[in-house]
Amino acid sequence: MTTSTGIPRFPDKPDATDNMQVRTAVILPDGSRALELGSGKIVGLIGVGGMANIYKIFNNELEVHRAIKLMHPNLSEDSRRHFETEMKIMAGLSHPNIIEIHSVGLWNTLPYIEMEYLAGSTLDTMIKKRGALDVVVCTSIAILVARALAYAHNRNYLLYGTSYHGIIHRDLKPSNIMVTPDGIVKLMDFGIARPIEVSLFTTDGAIMGTMQYLAPEQLDGKPAEVAGDIYSFGTVLYEMLSGNKAFPQVSMSRLMSCKVKNDFRPLNEYSLKIPKPLCKLVHRCMMHDKKKRIGSAEALLAQLERIHNSLTLDTPEQVMRQYMSIPPGERTVLKVRRRSPWPLVAAAAGAVIVVGVGTINIVRTPAERAAAVEPSRTGSEKEQTEALPENSSPQQEDPFNIEARQTASGLSASNHSASRDPAVPAPSRPDKERQSPLEKLQERYGSNNQLTIFYGEVENGNFASAHRLWNHLGQNAQSEKKAAIYYMRVLRTLGKSSELSRFLRSHKIADGEFILQNAIGSLHSGQTDKALSLLEKAIATPAEYLPSSRLRTDYLYYRALAKSKSFTNSDNQSTLSAAMDAWFEVRNFLQNNREHPYHQKAIQEMQRLARSRK
C-alpha cells in the first residue's frame, strides 16, 4: 500500500485506538537510571529532538558505548513512517563519513535505532564556539561531507521491496554534521531522507526540512532533488566561512520573504580573505535557479578538492586532526565590509574581531598565536641583532644566562626549572630602553621559563637567538623530545653541519622528523643505500612536531635525490627508471604547487635523466 505521493506505507498496525492507548502510556527514560535499551544499558541522555530522544548506552559484553535514537510516543503515523524509513535507509548506508547503524528494534512498542556513539560536537556547536572557521578547515569539512553526499546520491538500494537509485538527505545543516575530537567528520540524521524519485511533501502537504537551509524551490512545493541538497550544502559552507547563517532572520515572515527571493549577503562583503574560487563555488551552490547550480555532488567534490589542494598539501583528514587538537580560542566574528571605495576597506580585509578582546589575526598554532601578539617583532632582523650580541666579550655578562639574571634581580632560580615549570610573568621595567636582551624576551613571551622562550624563538624563526639559549638550558630541558627536535632544526637552519652531525650521533629519537634528518645526513655523506633505508623508516614513523604533509614532501624529494645518486653511481636502465619514477612522483605530488622548489627541481632532474637516455 502506498500514499498518494508514492511513499510506501507500513503494514497495517493493530487497531489504532488500542495502539494509541499503549503508546500514550509509555514514558521515555530521563537518562538517570540504567535501564536496558538496545544492546546495553542507559548511561545518559545525549539530546532531545522533535521526533526522538538520543541516549548513550554501554554494551557490557563488547565494552563499548553506543547511541540510541528512541522515537517519542504519541507521534503521528507519518512521523512513525519517517522514523522507520530512516532506519531502513541508514541500515543500507556504509560510508566512513556517514554515521554507522548497528541495529534497530522496539522498546515498549517504540522503534529505536542503535548507532555508533560519537564523542565530540556538531558543526553547529563548533561555529557557535569558534565563529568563522579557517578556510582550509572549511574545505576539509566540505570535502568529507561532499563525499558522503556523492555516495548517498548514487547508492542503489531496496526500500519496501522497491529498488531505488540515489537518496537525497533533505535536511543538510550544521547540526546534522558531527566532528569528533580526532577530526572525524560524519553526516547524521537521515530522518526525512527520501529516494530521489519521491516527493518532498508528506501526505498532509507539510514541508520537511529546516527552513534556513532549504532551497527556494522547495518552499514552492517543488519535488526535492539533488539540487536541493547542493543548495543546502552551499548554505552550510557559507556558515562555516563567515560564522553567520546565510538567512539569519528570526521572524518567519521575513525568513520566508528572503528565502523565496534568495536574498542573502554575498561572502565578499565580509572582511575575510576567502579564495575567489571558493566564494564562487558557494554562490553557485546557492543560485536561485537550480539549473545554474553545480549539477552533482561528484562535480561539487571535484571542485572542492581542487581548491583544497591549492591551499594545502595536507589531506582533509590530516587538517581536521591537526585543527581539532588545538583548543578553541575566543569566538571569531567577522566584520561586514561596506560597498565603498573607501581606502581603509582594503586594509581591513582579513581582519577579525574577538568578542571582548580586540582585533587579532586568525591563528591555528601556538607559534602563530605568539606571532600575532607582536607581529612587528617576529622574524625581524633588527630585533635579532639587538637581542643577540654575537661578538660579546668574555668580560661581559652573558645576556642569556638565565640563572645569573634571576639571582641578580632577586628572583629565585627554583621558580624556573629547566623543563615544565609554570610560566612566571617577567618583571616590568619602566624604562624599556634599559632592558637587557633577556628581559625583552621574557617580556615578549610573558615568561621567565627558559624552555618556553626557547620554543618561542624557534617557532618565530629567531634561530640564532634560540641557538644561544640552548647553551643555557639545563640537561633536563635539553633531554626533552620537543627541545631536541627544535634544536636539530636550529642547527640545520643555521648551517652548523658539524654540530648537527655530532648531535644526531649522540641522540636516538623515535620521531619521523629526526629519522628524516639522519637520512639527509647519510645522503650528503654518500651513503645512498643507508639514506634510502632511513627514508622508508622516517615515512613510517609519526613526526610529532612536523605536519605529515611536510614530512611526506621531504621524504619524496630526498628519496628522488637518492635515486638520482644511485643512477649516477650505477648507470643502467634499472636505476634510471627508478630515478625517473621517483621524480615523477615528486612532480605529481606538488602539481598544485608548481612554484615549490622541489617541483622545479623535479622538472630539471627529469629533463636531465631523459637526456641521459640518448
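How are H22 and H23 oriented to each other: roughly parallel or roughly antiparallel?

1. Basis of the note. This is a predicted model, in which local features need pLDDT of at least 70, side-chain atom pairs count only at pLDDT 80 or more, and totals for chains, interfaces and linings use all residues. Residues are numbered from 1 along each chain as its sequence is written, and side-chain values use heavy atoms, with hydrogens and water left out.

2. Helices H22 and H23. The axes of H22 (residues 528–539) and H23 (residues 548–569) come within 10 Å and cross at roughly 160°. H22 and H23 are therefore roughly antiparallel to each other. Helices (H or I, at least four residues) and strands (E, at least two) are DSSP runs, numbered from the N terminus. Axes are lines fitted to C-alpha atoms, for helices over the stretch in contact, with angles from 0 to 180 degrees between N-to-C directions. Angles under 35 degrees count as roughly parallel, over 145 as roughly antiparallel, 65 to 115 as roughly perpendicular and the rest as oblique.

3. Contact of H22 with H23. On H22 the contact is made by Thr528, Leu532, Leu535, Glu536, Ala538 and Ile539; on H23 the residues include Leu551, Tyr555, Arg559 and Asn569. Contact means heavy atoms within 4.5 Å. By class, the contact of H22 with H23 has 8 nonpolar, 3 polar and 5 charged residues. Here Ala, Val, Leu, Ile, Met, Phe, Trp, Tyr, Cys and Pro count as nonpolar, Asp, Glu, Lys and Arg as charged, and the others, Gly among them, as polar.

4. Helices H4 and H10. For H4 (residues 135–153) and H10 (residues 316–324), the axes come within 9 Å and cross at roughly 125°. H4 and H10 are therefore oblique to each other. Val136, Val137, Ser140, Ile141, Ile143, Leu144 and Arg147 in H4 meet Pro316, Glu317, Val319, Met320 and Tyr323 in H10. By class, this contact of H4 with H10 has 9 nonpolar, 1 polar and 2 charged residues.

5. The sheet. An open sheet of 6 strands has the order E1-E2-E3-E4-E6-E5, with antiparallel pairing. Strand E1 (36–37) and strand E5 (101–107) stand at the edges, each with a single partner strand, so one side of each is left without a neighbour in the sheet. Two strands pair if DSSP finds at least two bridges between them.

6. Strand pairs. E1 is joined to strand E2 (residues 40–48) by 2 bridges in the antiparallel sense, and leucine 37 has glycine 40 in E2 as its bridge partner. The hairpin of E1 and E2 has 2 residues between the strands, and glycine 38 there takes a positive phi near 65°. E2 and E3 pair antiparallel over 6 bridges and form a hairpin with 3 residues between them. E5 and strand E6 (residues 110–116) also pair in the antiparallel sense over 6 bridges, with isoleucine 113 in E6 as the bridge partner of valine 104.

7. Helix on the sheet. Helix H2 (residues 77–91) lies across strand E3 (52–59), strand E4 (64–71), E5 and E6, and runs at about 30° to E6.

8. Salt bridges. The structure holds 19 salt bridges, each a side-chain nitrogen of Lys or Arg within 4 Å of a carboxyl oxygen of Asp or Glu. One joins the side chains of glutamate 513 and arginine 489 (2.7 Å, N to O). Glutamate 513 lies in helix H21 (residues 512–524) and arginine 489 in helix H19 (residues 481–494), so the pair ties together parts that are 24 residues apart in sequence.
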